[in-house]
Amino acid sequence: MTHHRDIGAGPPDEYVEAEIQRLLVEDPAVAEQGITVIRRERALVLYGEVESPHRREEILRRVSERFPDVPITSDIGVIRAQAPTEIEQLP
Amino acid sequence: MVIRIAAVGDVHLDEDVVGRFRPALEELPECADVLLLAGDLTRHGTEAEARCVAEEFGGLSVPVVTVLGNHDHQCDQVPQVVKVLEDAGITVLEGNGVVLDCAGGRLGIAGVKGFGGGFAGRCASDFGEPEMKAFVRTTTDSADRLGAALRSLDCDMLVALTHYSPVPDTLAGEPLEIYPFLGSYQLGQAIDSAPTALAVHGHAHAGTERGTTPGGVRVRNVAHPVIKQAYSVFHVGDQLDTDQVSPIGQSGSQRSWS
């Protein structure tokens, strides 16, 4: 016998993961291709690095807005922009 | 002969980022003859974002040469973006090249954005639906223009500048499944068709810095999330002197970046 998912349970996690990944790229307020979405037991974790603290906050805001029932954890950093301390010599 | 090349890609500028790179950029004349930007200068490719790039990377004491990236195409304002950049003195390459007179010799830079397609044995083919053929032909055309530009330059040292990767080596860290969207072996083939000394690209935020084409050309992924500094500096040549490079270490290491 085929078991059907309870419609009330929402879409399977894999589709949610795919939707979040696309939201991160296609939402003009985010437009990030370098954020990885990883499914953990208790939450979806967002990893990656962005160019400003504002962008990090915006990512969390937009994802939480669109998926209010999905527990999201963020581990997104802001990329350093200091002058280099070493050069690479290429003979 | 030593030519000093600074490079960074994927800086994705908008108003919220303006000023972050500038302190490090002011140090460029001490350590580099040229700054190469490997595409994705903006978030969405708008004229307003291009003005942010012009403000951040314009008016430097070294020449700035760039290619555009896929983000710079998002809003279909490429002509406006290019104009803003060129008005700021930034040279924008797409299927052409430029030769700069540096203290160490004439540096030739050929650039294209490039495109995806994948790498030898695991790549898309010019076959089937029109959409598939258009995809692969975009890559082939881009690689052909890069090769022609590289071979046309009269210079002492040749550098290839792309947004997409010419080799899989510098993609290590990215999911294998998306390699075909990150670069193409045809770009590597074009780079190997000329006596190229160095190939610089961006696009792969989770990739790694170093790679080599099948023909032995050094490839560097300078995407900002990969290098984690304002720019990388490469001293390319046959008379390298370690004493010449110490000042940058002293300067950069003292800067706080919190």
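Tutor: A nonpolar core is a set of buried Ala, Val, Leu, Ile, Met, Phe, Trp, Tyr and Cys residues joined through side-chain atoms within 4.5 Å. Please keep in mind throughout that this is a predicted model.

Student: Which residues touch the most other members of the largest nonpolar core?

Tutor: The largest nonpolar core holds 60 residues, and a second, separate core of 19 residues includes B:Val112, B:Leu150, B:Cys155 and B:Val167. Within the largest core, the residues that touch the most other members are B:Leu28, B:Leu35, B:Leu36, B:Phe57, B:Ile109 and B:Tyr231.

Student: With which residues is B:Phe57 in contact, leaving aside its neighbours within four places in sequence?

Tutor: B:Phe57 is one of the residues that touch the most other members of the largest core. Once neighbours within four places in sequence are set aside, its contacts are B:Val11, B:Leu13, B:Phe21, B:Arg22, B:Leu25, B:Leu35, B:Leu37, B:Val64 and B:Ile90.

Student: Is B:Ser142 buried or exposed?

Tutor: B:Ser142 lies in helix H5 of chain B, which covers residues 130-152, and beyond four places in sequence it touches B:Val112, B:Gly114 and B:Leu187. The cut-off for a buried residue is under 20% relative accessible area. Because its relative accessibility is 3%, B:Ser142 counts as buried.

Student: How are H5(B) and H6(B) oriented to each other?

Tutor: The axes of H5(B) and helix H6 of chain B (residues 185-192) come within 8 Å and cross at roughly 15°, and the crossing is right-handed. Angles under 35 degrees count as roughly parallel. H5(B) and H6(B) are therefore roughly parallel to each other.

Student: How many nonpolar, polar and charged residues are in the contact of H5(B) with H6(B)?

Tutor: On the H5(B) side the contact is made by B:Thr139, B:Thr140, B:Ser142, B:Ala143, B:Leu146, B:Gly147 and B:Leu150, which meet B:Gln186, B:Leu187, B:Ala190 and B:Ile191 in H6(B). Divided by class, the residues of this contact come to six nonpolar, five polar and no charged.

Student: Turning to chain A, what pattern does it follow along the sequence?

Tutor: Chain A has 91 residues, of which buried residues make up 34%. Its secondary structure comes to two helices and four strands, and, read along the sequence, these elements follow the pattern α-β-β-α-β-β.

Student: Is H1(A) parallel or oblique to H2(A)?

Tutor: Helix H1 of chain A (residues 13-26) and helix H2 of chain A (residues 53-66) pack with their axes 11 Å apart and at an angle of about 135°. That angle makes H1(A), relative to H2(A), oblique.

Student: How far apart are the C-alpha atoms of B:Ala197 and B:Gly237?

Tutor: B:Ala197 lies in the loop between H6 and strand S10 (198-201) of chain B, and its contacts beyond four places in sequence are B:Met157, B:Leu158, B:Val217, B:Arg218 and B:Val236. B:Ala197 and B:Gly237 are 40 residues apart along the chain, and their C-alpha atoms are separated by 8.9 Å.

How values were computed. Residues numbered from 1 in each chain as written. Chains lettered and ligands numbered in written order. Predicted model: local features only at pLDDT ≥ 70, side-chain atom pairs only at ≥ 80, totals over all residues. Heavy atoms only, no water. Buried < 20%, exposed > 50% of the residue type's maximum accessible area, 1.4 Å probe, protein only. Contact = heavy atoms within 4.5 Å. Axes fitted to C-alpha atoms, helices over the stretch in contact; angles between N-to-C directions. Parallel < 35°, antiparallel > 145°, perpendicular 65-115°, else oblique. Left-handed = near helix turned anticlockwise from the far one by under 90°. Nonpolar A, V, L, I, M, F, W, Y, C, P; charged D, E, K, R; others polar.
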